[in-house]
Amino acid sequence: MSTMNPEAQSSLVAPQKAASALPMAGEAARVGRQPLRQRLLSLVNHSLVSIIVILIALVWSVPTLGLFISSLRLPALIHATGWWTALVPPWSFTIQNYEYVLHTQGLGQAFLNSLIIAIPGTILPTLVAAFAAYAFAWMEFPGRDWIFLTIVALMVIPVQMTLIPVLGLYTMLAQATGLQLTGNYLGIWLMHTALGLPFAVYLLRNFFAGLPSDLFESARIDGASNINIFFRILLPLSVPSLASLVIFQFMWVWNDLLVALVFMGGNPDRAPMTVTIANLVNSYGSNWEVLTSAAFISMALPLVIFFTLQRYFVRGILAGSVKG
Amino acid sequence: MIKAIEEQRSLPTKTTARRKRFSLTPWLWIGLAVLFVIIFLLYPMFFTIWLSFLNATSTQFVGLHNYILIFTNPALLEVLRNNLLWLVLATVATVVLGLLIAVLVDRVRFESVAKAAIFVPMALSFVAAGVIWRFVYEYAPPGQTQIGLLNALLTALGGQPQAWITDSRFNNFALIAVYVWMWTGFCMVILSAAIKGIPSEILEAARCDGAGEVTIFFRIIVPMISPTIAVVTTTMIINILKIFDIVYVMTGGNYSTNVVAVEYYQQLFNFNNFGVASALAVLLLLAIIPIMYFNIRRFRVQEAQR
């Protein structure tokens, strides 16, 4: 279930110098004894592997590059020639597509909505899960393991299993109290909190449980309350874990389409970017100046997070990939 | 996990000599989480199962009618067939490609850069990926300028441009390719870590005995990392079963590309058929349960081996 692997976390960030140094040394020793023909053969092999890897990396990057370059071209040009022709001078790039989608197509508001949905949609589940994880890790009470296992098992429940009844609950609540949750930020925050909880509880409980017990003992002997221990000792010590979790949950909410469609689809003014872009695709199928710039705006923040917080990002993604 | 829980169980008795008496404190700490889980996950789950036995408006008990409909209606059968195609092709492609790239990337100097390039698509939303690939697949009739990369390459090589997204001969494969593009990086990173965990003496010994790289791959690397391969595969299956965004954005489920999650959405919002929608959700759940069971069992074996 947990695909978290300490090596996986660092391998993308640092190319494991210690591990790769060993075979290299062995290879050098062998090469000295090999005849020229074999040495040439291994050289060719090595370059072949390098070329294949470069090709694969190119195939993986080119589609995104094409989108980005197109988003910077004049609309007339996007439709007249392939984006790769823009790579040759004379260059003529423009940001007018971005101005257009941000101001005219409501992408600016959608960007704000994505933030308004994703930030509480990240903080709430993390906080609620951290409280619970502390109890699961360091308190004893009847049924503890069963409750914990039940919550963890719910991690893989398909979102589809929950949507209709929750919509029903929201409707009932609206009829009873007038509090409208469908189409409002609060409704989607609560839903994302619930969907994010099982994984967050699982991750944090395992991390908390791994901390040395002396820590809590001495704090208790000194008369620290649970609240004090939680905020003064536990949270500061858990920053790396919390960072991975927060990034994972943020990306999950930011990139989510289904939940947003169900709860915000009927309210375009509060819909996040994923919904807005999906609607643009429906109505402007081949209007590439709109679609490319809109898509790139939605990618900007995840890309920044990826390149600045790569370590936490990878760790979070790897640990949480089975989440429903 | 089991090991960790057993450790946990013994910890408080070992370290604290607190008397066992009922205390409200733990319940206050887990209360909010439990409340959320009950209201938004547990209760809806059972309610959805119940709804799947009711009619479209949830006013009448219809037994297995919705399930029978799903397995007999030609349009819905196509949805199931597509999901199966996704399940098999996308899973095999991501895991096999991820494994091959992990092995290759292990041998080059610019490993971290190459890995980052292949992993980046994971940061994007399926929606953004859908737009990116719709642009790659863009089609213009023969003779016109192809602004889509794939058709431009194809025509440059002397072929005919193809409507990758609307032509039902290729479109399912074209959509699956988008998923493979996004998730191969994930498989690669995890499998790469497992490969690095293989003691280098074993590989060296095999090479000294004259084993070729292909033999080493199939006889040593693959068997030694098989638990990780199993974990990655089950993760992919759980993900792919619920595939929604790519299909919704790229074809809207048209042109014979519909899958269960998109059909669910359409049953819910276009046809207002709560019965069939719920039955589709239950099918997804049923498909995931055995995989979860398998995953947990593998995990226990893995923990025991450590």
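Is B:Ser58 buried, exposed or partly exposed? What you have open is a predicted model, and the predictor gives the complex an ipTM of 0.83 and a pTM of 0.84.

**Stop 1: B:Ser58**

Select B:Ser58 and zoom in. You are in the loop between helix H2 (25–51) and helix H3 (65–72) of chain B. Now for the opening question: B:Ser58 is partly exposed, because 17 other C-beta atoms lie within 10 Å, while a buried residue would need 20 or more. Look at the backbone here too. B:Ser58 is not a glycine, yet its phi is positive, at about 60°.

**Stop 2: B:Ser256**

Next, jump to B:Ser256. Which loop are you in now? This one runs between helix H12 (245–250) and helix H13 (260–269) of chain B. B:Ser256 is another residue other than glycine with a positive phi, near 60°. It counts as partly exposed, with 17 C-beta neighbours inside 10 Å.

**Stop 3: all of chain B**

Zoom out and colour chain B by secondary structure. Chain B has 306 residues, and 44% of them count as buried. Now think about who touches whom: take the contacts in chain B between residues at least 6 apart in sequence, and 69% of them join residues at least 24 apart.

Switch to colouring by confidence. Chain B has a mean pLDDT of 86, with 90% of its residues at 70 or more. Then select residues 1–18 of chain B, where pLDDT stays under 50. For that stretch the model has 14 contacts beyond four places in sequence. A word of caution: where pLDDT is low, the predicted coordinates should not be read in detail.

**Stop 4: all of chain A**

How many helices and strands does chain A have? The count is 16 helices and zero strands. Of the 324 residues in chain A, 46% count as buried. Among its contacts with a separation of 6 or more, residues 24 or more positions apart account for 76%.

**Stop 5**

Where they meet, domain 1 of chain A puts in 11 residues and domain 2 of chain A puts in 11 residues.

Stay on the domain 1 side of that contact. H3, helix H4 (75–80) and helix H5 (96–103) of chain A each supply at least two residues there. H3(A) gives the most, with four residues. By class, this side has seven nonpolar, four polar and no charged residues.

**Stop 6: A:Leu203**

Now pick out A:Leu203, which sits in helix H9 (residues 185–209) of chain A. Why does A:Leu203 count as buried? Because it has 25 C-beta neighbours inside 10 Å. For a sense of scale, draw a distance line from A:Leu203 to A:Val62: their C-alpha atoms are separated by 35 Å, and the two are 141 residues apart along the chain.

**Stop 7: where the chains meet**

Show both chains again. Here 89 residues of chain A are in contact with 91 residues of chain B. Which helix gives the largest share of chain A's side? That is helix H3 (residues 36–71) of chain A, with 13 residues. Sorted by class, the side of chain A that touches chain B has 60 nonpolar, 25 polar and four charged residues.

**Stop 8: the nonpolar core**

Last, select A:Val201 and B:Leu191. In the largest nonpolar core, which has 182 residues, these two touch the most other members. The largest share of this core, 19 residues, comes from helix H8 (residues 171–196) of chain B. The core also lies between domain 1 (11–98) and domain 2 (101–320) of chain A, because both domains give residues to it.

Set aside its neighbours within four places in sequence, and B:Leu191 is in contact with B:Gly98, B:Leu99, B:Ala102, B:Ile225, B:Thr228, B:Ile229 and B:Val232.

Definitions and conventions:
Residues are numbered from 1 along each chain as its sequence is written. Chains are lettered from A and ligands numbered from 1 in the order in which they are written. This is a predicted model: local features need pLDDT of at least 70, side-chain atom pairs count only at pLDDT 80 or more; totals for chains, interfaces and linings use all residues. Two residues are in contact if their C-beta atoms, placed from the backbone, lie within 7 Å. Ala, Val, Leu, Ile, Met, Phe, Trp, Tyr, Cys and Pro count as nonpolar, Asp, Glu, Lys and Arg as charged, and the others, Gly among them, as polar. A residue is buried if 20 or more other C-beta atoms lie within 10 Å of its own, exposed if 12 or fewer, and partly exposed in between; C-beta atoms are placed from the backbone. pLDDT is the predictor's confidence in each residue, from 0 to 100. A nonpolar core is a set of buried Ala, Val, Leu, Ile, Met, Phe, Trp, Tyr and Cys residues joined through C-beta atoms within 7 Å. Domain bounds come from an automatic or database domain assignment.
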